[in-house]
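I opened the model to go through its chain and a few of its residues. These are my notes, in the order I looked things up.

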Amino acid sequence: QDERDFARLSHHDLPVHHPALRNALVVPFMGNGQITGMLVMANRRTEFRQERARRLLKPLMDIGGSLLASLRAEAEKAALHATLEEFRATLDATLDLILIFDEQSKRFTYCNQGAQEQLGYSEEELIAMPPTRLLDSLSLSELTKRLAPLRKRQQRLVRLNATLRR
């Protein structure tokens, strides 16, 4: 379907008792490069002058632009989510112990299957506990001090040698 299809409409294609079409302004709604719907303004007593049509359609165009931006953002979010899920699956597949720690909340935000198996805790238990509960030799202040170069972007990696409690 496209705009030309509308031009080919006859009075037989319209509902019973519908007035004849004298003129119409058709605004196609696009999705994935195809027309998914149309807004039709028809049967004005006078022709649609371009300037008036632009002024009438500006709010619709703005809403349409916002809607498309929102749809694009949702698509980008879905793509990012898929990438994160792939990353998570990769981390879960390794036998290495991987824990991701949020310094502000002082909690783990992620633990892979290897961490759960090696430490003997469930994911829920690890996410709920403070990291210092696992670290035998480091206090919270010592851990914060050791991670400071990461926060200040002085280093991209900090190596910690620690004994973890099971």
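**Entry 1: aromatic rings**

I looked for aromatic pairs in this predicted model, and the count comes to one. The pair is phenylalanine 101 with phenylalanine 108. I noted both values, since a pair of aromatic rings is described by the distance of the centres and the angle of the planes. For phenylalanine 101 and phenylalanine 108 I read 6.4 Å centre to centre and 65° between the planes. That angle makes the pair edge-to-face, because the planes are over 60 degrees apart.

Phenylalanine 101 has 23% relative accessibility, so I put it down as partly exposed. Phenylalanine 108 has 7%, which counts as buried.

**Entry 2: the chain as a whole**

I listed the elements next. The protein chain has five helices and four strands. Read from the N terminus, the order is α-β-β-α-β-β-α-α-α.

Among contacts with a separation of 6 or more, 32% are between residues 24 or more positions apart.

I went to strands β3 and β4, which run antiparallel and are joined by four bridges. I wrote down two of the facing positions. Leucine 99 stands opposite cysteine 111 in β4. Aspartate 102 has arginine 107 of β4 as its bridge partner.

β3 and β4 form a hairpin, with four residues between the strands. In the turn I found lysine 106 with a positive phi of about 60°.

**Entry 3: the largest nonpolar core**

Which residues make up the largest nonpolar core? I counted eight: Phe108, Cys111, Ala115, Leu119, Tyr121, Leu126, Met129 and Leu134. β4 (107–111) and α3 (113–119) each supply at least two residues of this core. Phenylalanine 108, from the aromatic pair, is thus listed here too.

I followed two residues from this part of the chain. Leaving out residues up to four places away in sequence, alanine 115 touches Asp96, Leu97, Ile98, Leu99, Gly120 and Leu126. Glutamine 116 is in helix α3. Is glutamine 116 buried or exposed? Its relative accessible area is 17%, so it is buried, the cut-off being under 20%.

**Entry 4: helix α5**

I checked the length of helix α5, which has 12 residues (140–151). At 1.5 Å a residue it should span 16 Å, and its end C-alpha atoms are 15 Å apart, so the two agree. The buried residues in α5 are Leu143, Leu147, Ala148 and Pro149. What do the buried residues of α5 pack against? They pack against β3 (99–102).

**Entry 5: the segment after α5**

Arginine 153 is in the segment after α5. I noted its positive phi of about 60°, although it is not a glycine. It counts as exposed because its relative accessibility is 75%.

Glutamine 155 is found in the segment after α5 as well. Apart from neighbours within four places in sequence, glutamine 155 is in contact with Pro149 and Leu150. Pro149 is one of the buried residues of α5.

**Entry 6: strand β1**

Last, I looked at phenylalanine 29, which is in strand β1 (residues 24–31). Its relative accessible area is 37%, so it goes down as partly exposed. I also read the separation of its C-alpha atom from that of leucine 39, which is 7.4 Å. Phenylalanine 29 and leucine 39 are 10 residues apart along the chain.

Note on methods. Residues are numbered from 1 along each chain as its sequence is written. This is a predicted model: local features need pLDDT of at least 70, side-chain atom pairs count only at pLDDT 80 or more; totals for chains, interfaces and linings use all residues. Side-chain values use heavy atoms; hydrogens and water are left out. The expected span of a helix is 1.5 Å times one less than its number of residues. Buried means under 20% relative accessible area, exposed over 50%, partly exposed in between (1.4 Å probe, protein chains only). Contact means heavy atoms within 4.5 Å. A nonpolar core is a set of buried Ala, Val, Leu, Ile, Met, Phe, Trp, Tyr and Cys residues joined through side-chain atoms within 4.5 Å. Rings of Phe, Tyr and Trp (its six-membered ring) pair if their centres lie within 6.5 Å; planes under 30 degrees apart count as stacked, over 60 as edge-to-face and the rest as tilted. Two strands pair if DSSP finds at least two bridges between them.
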